[in-house]
Number of protein chains: 2
Amino acid sequence: MKILEVIKSISNQTRLDILTWLKDPFAYFPEEELTDYSPSLGVCVSDIAKKAKMSVPTVSVYLKMMSASDLLVATRKDQWTYYKRNEEAIQQLAELIKNKL
Amino acid sequence: MKILEVIKSISNQTRLDILTWLKDPFAYFPEEELTDYSPSLGVCVSDIAKKAKMSVPTVSVYLKMMSASDLLVATRKDQWTYYKRNEEAIQQLAELIKNKL
DNA sequence: TAGGTATTTAGGTAATTACCTAAATTCACC
DNA sequence: GGTGAATTTAGGTAATTACCTAAATACCTA
């Protein structure tokens with residue numbers, strides 16, 4: 001785990017928000033948009049972009065940044081890319097800050 | 001604790017390094033520079049700047065940023081400003097990432 | 001009060017980050 | 001093979017961050 005890369009990937013309000021939203025998609029995304037949602041896949045790029053009120057390309061890059069830092073997991077299915085949290089990595093980050101930082 | 005402010009304050013390699021150095025000053029700073037070191041005060045700005053191999057003003061701003069985010073505690077004594085870690089805040093950050101992020 | 005050391009503040013430039021739109025790619029389906 | 005939806009990549013500008021040097025401030029001590 002590259003601590004600086006991970007921290008940079010969450011040093012932005014929108015990216016922090018996305019992490020929160022993905023913790024409980026049912027609570028944060030409108031129900032009608034999650035018809036094809038499954039916890040094992042996560043939420044697709046355009047739904048997240050809509051929720052963030054930002055352009056799809058910007059959010060696409062943000063999501064890629066967070067999966068590069070390992071905090072998110074991407075799954076491509078047909079033409080959609082779904083993102084979900086990587087809970088293990090998030091706990092690992094917490095531990096790293098607790099013990100090593 | 002303003003999570004974004006805290007994260008931004010450690011989203012830089014030098015600032016991360018400083019946190020590490022202050023965890024164990026005896027291990028990271030040359031002995032002769034810590035003659036007046038005390039754990040209750042910490043290490044002064046110019047010693048940290050020298051260790052970081054950066055200008056004093058830059059490091060002064062970095063340290064101020066980290067004390068503003070609560071990760072460091074500053075103590076002014078005569079013409080010196082000493083900085084030490086705020087262990088409680090660091091643990092609080094770890095908890096926040098563990099449970100809330 | 002003058003001079004010296006430590007620090008902070010100001011002000012500047014270069015690099016990085018934060019977005020956007022347009023274009024390219026991927027993949028379904030007809 | 002062509003069209004359409006979702007996504008990614010490219011390429012651009014504005015804002016922020018990363019540094020620096022110079023100047024100002026704070027606080028000793030003679």
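Trainee: Which interface residues of chain A are also interface residues in chain B, and what follows for how the copies meet?

Mentor: 100% of the interface residues of chain A are interface residues in chain B too, so the copies meet through the same surface. Contact here means that two C-beta atoms, placed from the backbone, lie within 7 Å. This is a predicted model: local features need pLDDT of at least 70, side-chain atom pairs count only at pLDDT 80 or more, and totals for chains, interfaces and linings use all residues. Residues are numbered from 1 along each chain as its sequence is written, while chains are lettered from A and ligands numbered from 1 in the order in which they are written.

Trainee: How many residues does each chain put in?

Mentor: Chain A gives 16 residues and chain B gives 16 residues. On the side of chain A that touches chain B, helix 1 (3-9), helix 2 (13-23) and helix 6 each give two or more residues. Helix 6 of chain A has the largest share, 6 residues. Helices (H or I, at least four residues) and strands (E, at least two) are DSSP runs, numbered from the N terminus.

Trainee: What classes of residue are on that side of chain A?

Mentor: It divides into 11 nonpolar, 3 polar and 2 charged. Ala, Val, Leu, Ile, Met, Phe, Trp, Tyr, Cys and Pro count as nonpolar, Asp, Glu, Lys and Arg as charged, and the others, Gly among them, as polar.

Trainee: Back to helix 6. At what angle do the axes of the two copies cross?

Mentor: Roughly 175°, and the axes come within 8 Å. Helix 6 of chain A and helix 6 of chain B are therefore roughly antiparallel. That label is for angles over 145 degrees; under 35 is roughly parallel, 65 to 115 roughly perpendicular and the rest oblique. Axes are lines fitted to C-alpha atoms, for helices over the stretch in contact, with angles from 0 to 180 degrees between N-to-C directions.

Trainee: Which residues make the contact?

Mentor: From chain A, Ile90(A), Gln91(A), Leu93(A), Ala94(A), Ile97(A) and Lys98(A). From chain B, Ile90(B), Gln91(B), Leu93(B), Ala94(B), Ile97(B) and Lys98(B).

Trainee: Is Lys98(A) buried, exposed or partly exposed?

Mentor: Lys98(A) is partly exposed, with 15 other C-beta atoms within 10 Å. Buried takes 20 or more such atoms, exposed 12 or fewer, and partly exposed is in between. Leaving aside neighbours within four places in sequence, Lys98(A) contacts Gln91(B) and Ala94(B).
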